[in-house]
Amino acid sequence: MKRLEHADDLRGLLDEARADGRRVGFVPTMGYFHEGHRSLLRAARAADDLVVCSVFVNPLQFGAGEDLDRYPRDPEGDARIAEAEGVDVLFVPSVEEMYGERCVTTVRVGELSEVLCGESRPTHFHGVATVCTKLFSIVGPCRAYFGKKDFQQLAVVRRAVSDLSMPVEVVGCPLVREPDGLAMSSRNEYLEPEEREAATVLFRALREGVATVEAGERDPATLRRVVANVVTAEPLVRLEYAEVVRTRDLRPPRAIEGDVLVAVAGRVGTARLIDNVTLAVQGDRVTADLGVSGGEGAGDPPGPPEVRPRA
Ligand code: AMP
């Protein structure tokens, strides 16, 4: 595995690989790898000839007072895992390498960036869209893998790629969970044991929401209330939002029909955690995508280009 710090070196290497007919798979991350990251690396390894993974804790996507300074980092552990997953190139640029002394150009994806997490983190998705645009510009034509754990991020990146005609095929991969249902996240590291236990309420609330729809409920407001009530019953968790939106534009649906996202965000101790499920509802037929357990299906190649929800 090659470890590169400079954008020009990476660009040169990938241009050569493509000239030789090799297809590039790219997995952008902020590091501190867990099974969620590994599942993306495996998906890329299974589908592409040359796998690039970037580790960059992007200051632009953190707001004032957020956890940039204490975001967990483990460069050596990440390198070991990347190597074990068959990554060919690990790209670890510095902040200076990515942004120079001053960067005054940003990418803003309207509408999609303003709802859900965008309400409490108004600049977050501008940071995400900007860094992804920069990384795609360095990496060049590729397939880029993102987790559905960050569903809104996936939607924002897809939209930026489409609107700005970037030569990138975005692949959405299953959300990977701990055996008890907690969505894997580098930020779970912040949780004290009691909080770690309480944090599973986000998944339990979503499951309750799914059961409610399976039982026939089609009113978004009722579904939101059901999910919110489960979360607020857990004293160690402060609910930020429980929302029901259409997957295609993240707007509220009039009724629960078609493809909808049920998303929650909450604070547990000093961690801000998010989780979601997607539902495909056609009349009486409800198919829920709750993700996969880290132990079992995490390594399944998601199958490009579009990942279908698991029943
Ligand atoms: P991060 O390092 O947290 O910025 O995440 C890097 C990539 O891994 C993003 O595409 C995330 O959506 C994805 N990811 C993080 N956690 C999970 C998870 N539990 N399941 C699937 N993908 C994940």
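Tutor: Gladly, and we can start with burial: a residue is buried when its relative accessible area is under 20%, exposed when it is over 50%, and partly exposed in between, using a 1.4 Å probe and protein chains only. Helices (H or I, at least four residues) and strands (E, at least two) are DSSP runs, numbered from the N terminus. Please keep in mind that this is a predicted model, where local features need pLDDT of at least 70, side-chain atom pairs count only at pLDDT 80 or more, and totals for chains, interfaces and linings use all residues. Residues are numbered from 1 along each chain as its sequence is written, and side-chain values use heavy atoms, with hydrogens and water left out.

Student: Why is strand E3 described as largely enclosed by the rest of the structure?

Tutor: Six of the six residues of E3 (residues 50-55) are buried, so the strand is largely enclosed. Leu-50, Val-52 and Ser-54 point one way, while Val-51, Cys-53 and Val-55 point the other way.

Student: Which strands pair with E3, and in what sense?

Tutor: In general, strands of a sheet pair through backbone hydrogen bonds, either parallel or antiparallel. Here two strands count as paired if DSSP finds at least two bridges between them. Strand E2 (residues 24-29) pairs with E3 in the parallel sense over six bridges, and Pro-28 stands opposite Ser-54. The chain gets from E2 to E3 through helix H2 (residues 35-47), in a right-handed β-α-β crossover. Right-handed means that, with the strands pointing away from the viewer, the path from the first strand over the helix to the second runs clockwise. E3 is also joined to strand E4 (residues 89-91) by three bridges, again parallel, and there the bridge partner of Ser-54 is Phe-91. The crossover from E3 to E4 passes through helix H3 (residues 75-84) and is right-handed.

Student: What does H2 pack against?

Tutor: Contact means heavy atoms within 4.5 Å. The buried residues of H2 include Leu-40, Leu-41, Ala-43 and Ala-44. The helix's buried residues pack against E2, E3, H3, strand E5 (142-147), strand E6 (168-173) and E7. As for length, the expected span of a helix is 1.5 Å times one less than its number of residues. The 13 residues of H2 should span 18 Å, and its end C-alpha atoms are 18 Å apart, which agrees.

Student: How many salt bridges are there in the whole structure?

Tutor: A salt bridge is a side-chain nitrogen of Lys or Arg within 4 Å of a carboxyl oxygen of Asp or Glu. The search finds 18 of them. One of these joins Arg-121 and Glu-66, at 2.6 Å from N to O. Arg-121 lies in the loop between helix H5 (117-120) and helix H6 (124-139) and Glu-66 in the loop between E3 and H3, so the pair ties together parts that are 55 residues apart in sequence. Arg-121 is buried at 9% relative accessibility, whereas Glu-66 is partly exposed at 29%.

Student: Where do Arg-159 and Asp-163 lie?

Tutor: Both are in helix H7 (residues 151-163), four residues apart, about one turn of the helix. Arg-159 is partly exposed at 43%, and Asp-163 is partly exposed at 48%.

Student: Are Asp-275 and Arg-177 buried or exposed?

Tutor: Asp-275 is buried, with a relative accessible area of 4%, and Arg-177 is buried, also with 4%. Their side chains meet in a salt bridge of 2.9 Å, N to O. The pair links strand E10 (residues 271-282), which holds Asp-275, to strand E7, which holds Arg-177, 98 residues apart.

Student: In what order do the strands of the open sheet stand?

Tutor: The order is E8-E9-E10-E11, four strands with antiparallel pairing. Strand E8 (237-246) and strand E11 (285-289) stand at the edges, each with a single partner strand, so one side of each is left without a neighbour in the sheet. Between strand E9 (residues 258-268) and E10 there are eleven bridges, with Ala-265 having Ile-274 as its bridge partner in E10.
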